[in-house]
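Open the model in your viewer and keep the sequence panel beside it. We will go from stop to stop, with something to select at each one.

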Amino acid sequence: MNCTRCGKPSRVVDTRQPDAAGGVYNGRIRKAGEVASWYTSDIVVRRRVCLDKHEWFTVEITTEDVTSMVEEGKP
Ligand SMILES: [Zn+2]
């Protein structure tokens with residue numbers, strides 16, 4: 001995944017389930033996980049950093065959960 005700000009390649013520097021104990025970025029990991037943790041606890045949050053040290057979080061959830069979340073969100 002390339003950086004959303006500068007377009008340079010990034011790498012994953014931390015991978016964690018949001019409710020895992022310990023770690024410097026716990027609060028931010030938990031906050032990032034809130035995009036999906038309201039629906040399922042089966043999620044993984046990754047902290048990514050690009051070559052220019054920009055930093056962001058991504059969330060990994062199953063395609064089944066994504067489909068269900070979208071279906072439930074429809075009016
Ligand atoms: Zn960048």
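This is a predicted model: local features need pLDDT of at least 70, side-chain atom pairs count only at pLDDT 80 or more; totals for chains, interfaces and linings use all residues.

**The whole chain**

Zoom out and colour by secondary structure. The protein chain has 2 helices and 3 strands, where helices (H or I, at least four residues) and strands (E, at least two) are DSSP runs numbered from the N terminus. Followed along the sequence, the pattern is β-α-β-β-α. The C-alpha trace spans about 40 × 30 × 15 Å along its principal axes.

The 3 strands form an open sheet in the order 1-2-3, with antiparallel pairing; two strands pair if DSSP finds at least two bridges between them. Strand 1 and strand 3 are at the edges with a single partner strand each, so one side of each has no neighbour in the sheet. On average, neighbouring strands are turned by 30° against each other, direction ignored (axes are lines fitted to C-alpha atoms, for helices over the stretch in contact, and angles run from 0 to 180 degrees between N-to-C directions).

Select residues 44-50, which are strand 2. Strand 2 is joined to strand 1 by 6 bridges, and 6 bridges also pair strand 2 with strand 3, residues 55-60. Towards strand 3, Arg 47 stands opposite Phe 57. For the other pairing, pick Ser 10, which stands opposite Cys 50 in strand 2. Then step to the hairpin of strand 2 and strand 3, which has 4 residues between the strands; Lys 53 takes a positive phi near 70° there.

**Lys 8**

Next, select Lys 8, in the segment before strand 1 (10-16). Is Lys 8 buried or exposed? Lys 8 counts as exposed because it has 12 C-beta neighbours inside 10 Å. The scale calls a residue buried if 20 or more other C-beta atoms lie within 10 Å of its own, exposed if 12 or fewer, and partly exposed in between, with C-beta atoms placed from the backbone. Not counting residues up to four places away in sequence, Lys 8 touches Asn 2, Cys 3, Cys 50, Leu 51 and Asp 52; contact means that C-beta atoms, placed from the backbone, lie within 7 Å. Lys 8 and Asp 52 are 44 residues apart in sequence, with their C-alpha atoms 7.7 Å apart in space.

Helix 1 lies across strand 1, strand 2 and strand 3, at about 45° to strand 3. Its buried residues are Ile 29, Ala 32, Gly 33 and Ala 36, and these pack against strand 1, strand 2 and strand 3. On the face turned away from the buried side, look for the exposed residues Gly 27 and Glu 34.

Centre on Ala 32 and you will find contacts to Val 45, Phe 57 and Val 59, leaving aside residues up to four places away in sequence.

Terms used:
Residues are numbered from 1 along each chain as its sequence is written. Two residues are in contact if their C-beta atoms, placed from the backbone, lie within 7 Å.
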